[in-house]
Amino acid sequence: MRLGAISFAAANADETHHQVGARIQALGTEIHDEDDFGTKLVLYTSDNTDSVLSPRMTIDEDGNVGIGTNDPDCKLHIYNLDDGTDNE
């Protein structure tokens, strides 16, 4: 469940439209009620080859930080896409 987002955009060269290049998004990880408010933050960026936003870093509801992974399972979980290794 999307709770909110901050998008960062810039105008193209002739200023005819704006393109989002990065976004921070808050997502609910459970149904929120009076006692449960599980939330994670996801940072999205686009690379230099296209305008597609991809998740780059996640802070989950337990405070775990994932770089290169959307599902960190420890305080700092780094996934290296180049060689497929996990560094925990």
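Guide: The radius of gyration is taken over C-alpha atoms, and the globule rule is 2.2 Å times the number of residues to the power 0.38. By that rule a compact globule of 88 residues would have a radius of gyration near 12 Å, whereas the chain has 16 Å. This is a predicted model, in which local features need pLDDT of at least 70 and side-chain atom pairs count only at pLDDT 80 or more, while totals for chains, interfaces and linings use all residues. Residues are numbered from 1 along each chain as its sequence is written, and side-chain values use heavy atoms, with hydrogens and water left out.

The C-alpha trace spans about 50 × 40 × 15 Å along its principal axes. The chain has seven strands and zero helices; here strands (E, at least two residues) and helices (H or I, at least four) are DSSP runs, numbered from the N terminus. Of the 88 residues, 19% are buried. Buried means under 20% relative accessible area, exposed means over 50%, and partly exposed lies in between, with a 1.4 Å probe and protein chains only.

Val42 lies in strand S3, residues 39–45. With a relative accessibility of 4%, Val42 counts as buried. Contact means heavy atoms within 4.5 Å. Leaving out residues up to four places away in sequence, Val42 touches Arg23, Ile24, Gln25, Leu27, Pro55, Met57 and Thr58. One of these, Gln25, is 17 residues from Val42 in sequence, yet the two are 5.3 Å apart in space, C-alpha to C-alpha.

Thr58 is another of the residues that Val42 touches. Thr58 is found in strand S4, residues 54–59, and is buried, with a relative accessible area of 1%. Again without residues up to four places away, the contacts of Thr58 include Lys40, Leu41 and Val42, and also Asn64, Val65, Gly66, Thr69, Asn70 and Pro72.

Glu15 makes a contrast. Glu15 lies in the loop between strand S1 (2–11) and strand S2 (18–28). Glu15 is exposed, with a relative accessible area of 64%. The phi of Glu15 is near 55 degrees, a positive value in a residue other than glycine.
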